[in-house]
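Here are a few exercises to work through with the model open beside you. Try each one before you read its solution.

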Amino acid sequence: MVWIVTGAFLVALTVGHVKLSAAFAPGQSALGMPILPYVASFLATGGLPLLLFWLIPRAPKSLMHASFWLVFGVGFVARLILLVGTPVLEVDFNRYLWDGGLTFNGYNPYAVAPAGMARLPYDDPRLDLSKAAGGVFDGISYPELKTIYPPVAQAFFALAHGISAWSLTAWRLVAIAAEIVTFSLIVALLHTVGRSPLWVALYWWNPLVLKETIDSAHMEVVLIPFVLGAVLATVRQRHTLSVCLLGLAIGTKLWPILLVPLILRPLAMRPLALFGACIGLAAMMAAFAVPILLGGLGPTSGFVSFANHWATNSAHFPILEATMRRLTGCHDLVDPTAGQMVRVSLAVGVAAIALRLAWPPLRDAQDSLARAYWTVTALLLASPTQFPWYLLWVLPFAILQKNAIAWFVAAALLPIYYAAFHFNVRGQGAIYGQYVVWLIWLPVWAAMARDIRHAHWHNAKSQPAQRDPDLVA
């Protein structure tokens with residue numbers, strides 16, 4: 001009965017979200033949007049994952065099958081309900097739809113920034129596409145920059161365009177299909193480590209996941225199946241498949257390159273297989289780089305701009321940047337040198353952590369998943385850009401850890417990010433950046449310190465390694 005009541009609450013919450021989303025429709029004045037009430041209502045649901053932490057271990061085994069399908073059905077219905085809602089405080093999908101239109105019609109999406117379309121010859125067919133796109137084209141954020149999304153992501157954008165041109169609903173349908181794959185992969189990974197499949201509810205019923213995958217329709221939704229698939233194939237010793245899936249993940253978003261050492265670790269004692277895997281990965285990445293390089297990596301490149309300048313919703317990065325300015329004697333706030341030095345330092349640090357985590361022989365599936373979890377955790381904690389939807393990278397791995405709660409604390413608090421819009425439209429952005437952002441990250445850091453103390457992989461380091469024969473063959 002408790003499961004039914006909880007599921008009904010989630011569906012009712014989703015219906016309420018859709019009704020409230022009408023106040024955020026395009027054309028509405030941001031000053032009149034109920035941003036703070038929206039954030040408050042979202043925060044009020046933050047206890048749902050904590051309730052699930054209590055419910056799942058207590059689920060009667062006799063009702064396990066029925067409870068599992070209830071979890072799936074409620075989450076699926078919630079996603080269908082969100083199909084008709086207005087995206088709240090997000091417009092990234094406009095870029096996806098525009099890129100998909102270009103790719104579907106045979107144009108390189110990295111060639112011209114949307115703002116550069118006005119400088120094309122009058123008879124260029126892409127001008128007709130921009131007119132046909134209408135509000136999608138007009139709503140693209142950062143139109144002065146070319147797209148930042150790699151070629152595999154572009155293929156999914158083009159798929160949505162093929163279903164229905166310039167349609168957010170079509171893209172959301174692609175997202176729901178990807179979510180079902182993610183659901184299935186999480187269940188498979190839970191089975192691999194001997195945990196109840198009901199733990200998938202921590203993802204499938206998570207209000208922040210629903211917001212970022214279907215309401216906001218962020219492209220991370222098509223990335224996660226490749227990442228999880230690569231890790232699952234690794235623990236099942238299907239190494240060729242794992243390398244192929246990891247290559248596709250890197251071709252969807254660049255950060256999964258950090259998982260390369262971990263995915264290749266089982267091949268360390270098989271030089272020919274390791275060499276072949278490296279060649280295959282290099283060939284895939286080279287192929288994905290071609291259209292990006294043809295489009296150019298100048299000042300209007302989204303990749304260059306993101307790497308050099310983006311910093312959002314981070315509590316630590318402004319402090320590190322200010323510290324670097326003092327150390328280097330740079331007092332020019334416009335000079336990006338200090339920020340770039342911090343970015344490089346953080347990137348080197350995260351890469352070192354990824355290599356260190358991959359170095360010891362893998363013991364078992366739980367050990368492999370724990371190392372993947374901590375690799376992605378290091379990336380997210382260090383990143384200068386900490387959007388709520390980036391949490392999708394790590395939540396599936398967090399579910400697979402027995403003592404990890406930090407990212408579920410983050411899922412409960414990250415809706416505070418949307419309060420930044422309230423302050424920004426009133427010229428008070430500094431209030432959010434200097435004070436409000438700490439309401440998110442101080443509790444998360446405290447929870448993360450607790451998780452590190454209880455990390456299973458850390459406690460197991462003193463135990464004799466139980467190596468799979470395939471890992472030492």
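**Exercise 1.** What does the accessible surface of the protein come to, and what percentage of it belongs to carbon and sulfur atoms?

*Solution.* First, the ground rules. This is a predicted model, where local features need pLDDT of at least 70 and side-chain atom pairs count only at pLDDT 80 or more, while totals for chains, interfaces and linings use all residues. Residues are numbered from 1 along each chain as its sequence is written, and side-chain values use heavy atoms, with hydrogens and water left out. Now the answer: the accessible surface (Shrake-Rupley method, 1.4 Å probe) is about 20,100 Å², and carbon and sulfur atoms hold 69% of that.

**Exercise 2.** Count the helices and strands, then check the radius of gyration against the globule rule.

*Solution.* Step one: the protein has 25 helices and 0 strands, taken as DSSP runs (H or I, at least four residues, for helices; E, at least two, for strands) and numbered from the N terminus. Step two: the radius of gyration, over C-alpha atoms, is set against 2.2 Å times the number of residues to the power 0.38. For 473 residues the rule gives 23 Å and the model has 22 Å, so the protein is as compact as a globular protein of that length. Step three: 54% of the 473 residues are buried, meaning under 20% relative accessible area with a 1.4 Å probe, protein chains only.

**Exercise 3.** Is arginine 126 buried or exposed, and what about serine 301?

*Solution.* Leaving out residues up to four places away in sequence, arginine 126 touches several residues, including Trp98, Tyr107 and Met117.

Serine 301 lies in the loop between helix H15 (271–295) and helix H16 (302–309). At 2% relative accessibility, serine 301 is buried too. Beyond its neighbours within four places in sequence, serine 301 contacts Leu145, Lys146 and Gly296.

Notes. Buried < 20%, exposed > 50% of the residue type's maximum accessible area, 1.4 Å probe, protein only. Contact = heavy atoms within 4.5 Å.
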